Amino acid sequence: MMTLLRKFLFITALLTGLNACGGNNEKVVLRMGHTLDTEHSVHKAMLHLAERLALYSDGQMEMLIYPSAQLGSEREMVELLQIGSLAMTKVSAAAIEGFVPEMKVYSLPYIFTDREHRWDVLQSSIGQALLKETEAAHLVGLGYYDSGSRSFYMTDTEVHTPKDLISKKIRVMESQTAVKMINAFGGAATPISFGELYAALQQGVVDGAENNPPSFYLSRHYEICRYYILDEHTSVPDVVLASKHIMEGLTAQQRAWLDAAVADSVELQKTLWLEAEQHALSEVKAAGVEIIYPDKAPFVDAVTEFHASFKGTKVGVYLEQIINMKRG
């Protein structure tokens with residue numbers, strides 16, 4: 001089996017020098033990787049991005065898409081961006097907290113009141129400022145894709161208030177912010193890789209997990225978990241990232257074409273995501289999962305002190321700005 005280091009070096013050697021190439025009269029080829037399958041809304045949006053880029057540039061620019069983790073994990077692809085060996089990728093904002101600490105704000109619970117508030121923020125000067133924070137890590141934030149809201153799902157426990165989570169082992173991503181959130185609800189946060197989660201739920205290693213509806217459905221976790229609780233505690237967006245090295249090698253015109261193509265793909269992905277959410281909820285319900293719609297107020301109250309712990313920090317400043325943008 002190829003070790004992580006060997007895999008990284010292999011991919012680097014494969015892609016180095018092949019991302020933005022040619023002089024003024026040659027086609028510029030950009031390579032974009034992601035970890036999702038070809039049926040996912042993100043992949044479909046990226047294909048649209050490639051089509052629009054070819055259209056806007058009249059064939060002078062080409063985007064090649066590598067799905068299904070062909071080029072490595074999200075973290076590995078971010079590292080490829082940093083050294084200029086890959087042009088673009090998509091990562092969860094939670095996955096780049098280690099590279100861009102300010103992105104941690106998106107992992108905080110209940111910072112958005114609804115989907116409209118979330119997109120108001122992402123498309124505002126606040127969202128753009130957070131994208132610009134990526135430049136310190138030799139990255140360029142080009143935009144956001146929708147990743148919906150994450151909610152709890154449990155094997156055999158109905159959850160109506162945070163009290164129902166007390167002492168329950170809940171799988172979380174390997175994120176300290178996620179761990180602290182579960183602890184604030186009274187649960188026992190248990191970081192486990194997503195690939196190992198099905199077996200962990202089946203064997204009782206954890207009592208439940210949390211994710212968005214499409215992930216709950218496509219992972220087939222609904223085969224084990226009887227309850228899906230739509231508490232929608234976090235809404236962590238995906239970030240469309242580019243290599244700062246490669247972006248600096250584009251002309252102003254080429255960058256304008258790319259920005260326009262990204263904007264088009266973002267709008268399409270929003271629509272595709274909503275369709276995927278509705279389909280997922282319909283399918284798991286038909287499979288026998290009980291969907292619970294709890295009162296969110298007790299959950300919001302439970303994380304008040306957690307939010308307060310960021311006061312006086314840069315993340316705290318962003319948090320205050322986001323909350324102040326709430327509608328009505």
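There are eight aromatic pairs in this structure, and please keep in mind that the model is a predicted one. I will take two of the pairs in detail.

The next pair is F216 with Y228, and here the rings are stacked: 4.9 Å centre to centre, with 25° between the planes. F216 is in helix α8 (residues 213-218) and Y228 in strand β9 (residues 227-234), so the parts tied together are twelve residues apart in sequence. F216 is buried because its relative accessibility is 1%, against a limit of 20%. Y228 is buried as well, at 0%.

Two further items on rings. F152, F185 and F299 are linked by ring pairs into a cluster. There is also a charge over a ring: the charged end of K270 sits over W119, 4.2 Å from the ring centre.

Now the glycine. G143 is in strand β4, and its relative accessible area of 9% makes it buried. Which residues does G143 touch, leaving aside those up to four places away in sequence? They are L131, D238, V239 and V240. For D238, the C-alpha atom is 8.6 Å from that of G143, although the two residues are 95 apart along the chain.

On to the pockets. The largest pocket has a volume of about 1,300 Å³. Its lining comprises 35 residues, and those nearest the centre are T35, E74, R171, M173 and F194. At least two lining residues come from each of α3 (74-82), β3 and α8, with α8 giving the largest share, three residues. By class, the lining has eleven nonpolar, 15 polar and nine charged residues.

The second largest pocket holds about 320 Å³ of space. It is lined by 21 residues, with T113, D114, R115, S149 and E232 closest to its centre. The elements α4, β9 and α10 (252-286) each give two or more residues to this lining. Its classes are six nonpolar, six polar and nine charged.

That is the end of my list; questions are welcome.

Notes: Residues numbered from 1 in each chain as written. Predicted model: local features only at pLDDT ≥ 70, side-chain atom pairs only at ≥ 80, totals over all residues. Heavy atoms only, no water. Phe/Tyr/Trp six-rings, centres within 6.5 Å; stacked < 30°, edge-to-face > 60°. Helix = DSSP H or I, 4+ residues; strand = E, 2+ residues; numbered from the N terminus. Buried < 20%, exposed > 50% of the residue type's maximum accessible area, 1.4 Å probe, protein only. Lys NZ or Arg CZ within 6 Å of the ring centre and 35° of its normal. Contact = heavy atoms within 4.5 Å. 1 Å grid on protein atoms, 1.4 Å probe; cavity = no way out; pocket = protein on both sides within 12 Å on 5 of 7 lines; lining within 4 Å. Points joined across faces, edges and corners; volume = space filled by probe spheres on them. Nonpolar A, V, L, I, M, F, W, Y, C, P; charged D, E, K, R; others polar.
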